[in-house]
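Dear colleague,

Please find below the structure that I am handing over to you. My notes on it follow directly after.

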Amino acid sequence: MTESPTVQRPLDHHGGPRLRGLGAPPEPRADKGRFRWLIDGLKPLELPDATLTALAATMVDESGGGGWSGQPTAADNPALPAGYTYLAQFVDHDITFDSTSRLDRVDDAEAVSNFRTPRFDLDSIYGGGPKASPYLYNNNDQALLLIDGAPAGPRLAGLDLPRNSQERALIGDPRNDVHVIISQLHLAFVAFHNAVVSHVRSNPALRWGDESEFQTACRLVRWHYQWIVLHDLLPRIVGPETVEAVLTRTGKRYKAGLKLYNLRFKAPYIPIEFSAAAYRFGHSLVRDSYVLNSSNPSPLPLFSADAGGTDLRGFRRLPEPLRIEWERFFPGLDGAPVSPGTPASGTLQPSMRLDGRLAPSLTHPPVDVDEQRRSIALLNLFRGQALGLPGGQDFANAVGRKVGESVHVLTSDELGQPGPVPLWFYLLREAEVLGEGARLGPVGARVVAEVLIGLAMDDPSSLLQDDTGWTPVLPSATAGQFTIADLLRFAGAGPA
Ligand code: HEM
């Protein structure tokens with residue numbers, strides 16, 4: 001029988017399965033994802049192509065998008081260290097993938113397939129498990145994921161993902177190879193899994209019931225990752241008060257106050273407004289260039305305008321000069337405790353402000369991203385229209401009605417645009433005007449918080465369905481907490 005990387009239910013004190021009341025855990029792949037509307041029945045916004053094209057052309061960061069000089073400029077967002085941009089992208093690639101992404105009209109947006117399971121199950125890392133996706137695993141020890149030529153528990157710096165003869169990474173989601181920051185983050189999760197396997201082998205008491213070492217490791221990896229999404233990433237993006245308004249914990253059980261995401265479907269789904277607009281907030285956080293390591297202090301562009309230029313593009317073996325020092329991307333790699341308030345400073349680079357502007361790198365992505373090298377802003381605006389998204393103002397009003405709170409609907413002056421505007425653009429301007437460019441505004445924040453928390457509530461194998469009062473068990477800077485810096489350090493990153 002195929003050994004599944006899915007979370008096994010623990011046994012109760014008597015050796016029987018502890019019922020979580022939500023059925024068996026899903027098989028990745030078999031559990032095909034769905035898209036649905038978060039708010040049904042809103043009128044699609046239809047703007048002339050020329051209007052969308054002109055709007056996309058305004059969405060470029062005229063300051064040049066910034067290399068990091070060590071001193072924040074008005075275009076920087078020091079509240080959000082640069083690595084969180086890519087943790088957010090990594091999370092996106094775990095839960096949603098519309099591989100049909102076409103810019104022409106889609107008649108039924110709910111019929112578009114999501115090629116990822118809409119769960120925080122790391123199917124981008126585990127694929128279908130060692131039997132269904134053997135190329136992801138180490139033949140000599142199938143509990144371990146494959147790292148290029150390295151044994152378990154390596155120091156991370158300079159290692160690469162395993163690749164085929166044409167340098168394509170052998171990973172569960174090709175998008176995690178689009179640039180070296182995300183491919184190295186993917187590698188860190190692979191190394192984290194392997195380090196957790198070793199830890200389980202030395203601490204057999206971590207195994208629940210008849211879990212294999214591999215299944216225990218997968219559960220621990222996923223629950224620590226879910227903890228990071230809920231306690232480290234989400235508060236930084238939406239603000240701690242929005243997380244607290246949507247998720248509470250009483251005793252050992254979590255409770256979600258969801259007004260938008262619908263648990264009645266009894267299967268997690270990705271809302272179209274989330275994947276086509278709200279969660280694309282991350283495009284605005286991308287810096288134009290990054291310093292990766294101390295040997296190479298000049299910032300390198302993410303994507304150079306010149307197709308042959310030196311940049312951070314992926315889909316190739318990691319060039320040695322592009323070795324990543326994670327302490328330049330996340331706080332806490334030195335082992336000091338961090339909180340969602342810890343800002344970027346010194347060599348720790350910030351993200352760009354959340355606003356209606358994108359780094360120049362995203363105006364000419366490589367052909368592997370878009371054959372015609374069209375700007376990401378243009379792709380987002382046309383995609384939103386093809387899927388029939390409502391206008392931003394209509395959506396904001398509808399969210400206010402559903403949540404039962406009055407919302408500040410941005411005026412044309414605040415938007416800097418007349419008439420109804422596309423939802424993605426609206427939510428970015430909301431972040432700029434009402435979130436001070438540091439985090440999402442109230443509508444965007446509520447949507448992102450409800451969807452991420454709703455997805456975790458809807459998954460019987462997730463941390464939020466645990467009723468044992470589980471808290472992180474791996475070593476961390478603050479006992480009972482776990483941040484992305486703790487994960488990276490456990491995986492072998494950080495100052496030697
Ligand atoms: C750094 C470079 C990035 C590049 C080159 C990139 C590129 C793209 C492209 C080409 C698309 C498809 C556009 C279309 O609809 O045709 C896309 C979709 C998307 N991106 Fe990004 N992106 C980047 C970063 C991010 C970040 C940081 C986030 C979030 C935090 C993000 C979130 C999304 C989401 C939610 C979608 C829709 C996903 C789906 O349902 O398939 N992206 N991106």
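At what angle do helix α1 and helix α9 pack, and how far apart are their axes? In this predicted model, α1 (residues 49-58) and α9 (residues 376-386) pack at an angle of about 145°, and their axes lie 8 Å apart. Their crossing is right-handed. On the α1 side, the contact is made by Asp-49, Leu-52, Thr-53, Leu-55 and Ala-56; α9 contributes Ala-377, Leu-378, Leu-381, Phe-382 and Gln-385. Sorted by class, the residues of this contact are seven nonpolar, two polar and one charged.

His-179 counts as buried because its relative accessibility is 3%, below the cut-off of 20%. The side chain of His-179 is joined to that of Gln-89 by a polar contact of 3.0 Å. Leaving aside residues up to four places away in sequence, His-179 touches Tyr-86, Gln-89, Leu-302, Phe-303, Leu-312, Arg-313 and Gly-314.

Finally, a word on confidence. The average pLDDT of the protein is 88, and 88% of the residues score at least 70. Over residues 6-31, however, pLDDT stays under 50; for this stretch the model has 62 contacts beyond four places in sequence.

With kind regards

Conventions: Residues are numbered from 1 along each chain as its sequence is written. This is a predicted model: local features need pLDDT of at least 70, side-chain atom pairs count only at pLDDT 80 or more; totals for chains, interfaces and linings use all residues. Side-chain values use heavy atoms; hydrogens and water are left out. Buried means under 20% relative accessible area, exposed over 50%, partly exposed in between (1.4 Å probe, protein chains only). A polar contact is a pair of N or O atoms within 3.5 Å; within protein, one must be able to donate a hydrogen and the other to accept it, and residues adjacent in sequence count only if both atoms are side-chain atoms. Contact means heavy atoms within 4.5 Å. Axes are lines fitted to C-alpha atoms, for helices over the stretch in contact, and angles run from 0 to 180 degrees between N-to-C directions. Helices (H or I, at least four residues) and strands (E, at least two) are DSSP runs, numbered from the N terminus. A crossing is left-handed if the near helix is turned anticlockwise from the far one by less than a right angle, and right-handed if clockwise. Ala, Val, Leu, Ile, Met, Phe, Trp, Tyr, Cys and Pro count as nonpolar, Asp, Glu, Lys and Arg as charged, and the others, Gly among them, as polar. pLDDT is the predictor's confidence in each residue, from 0 to 100.
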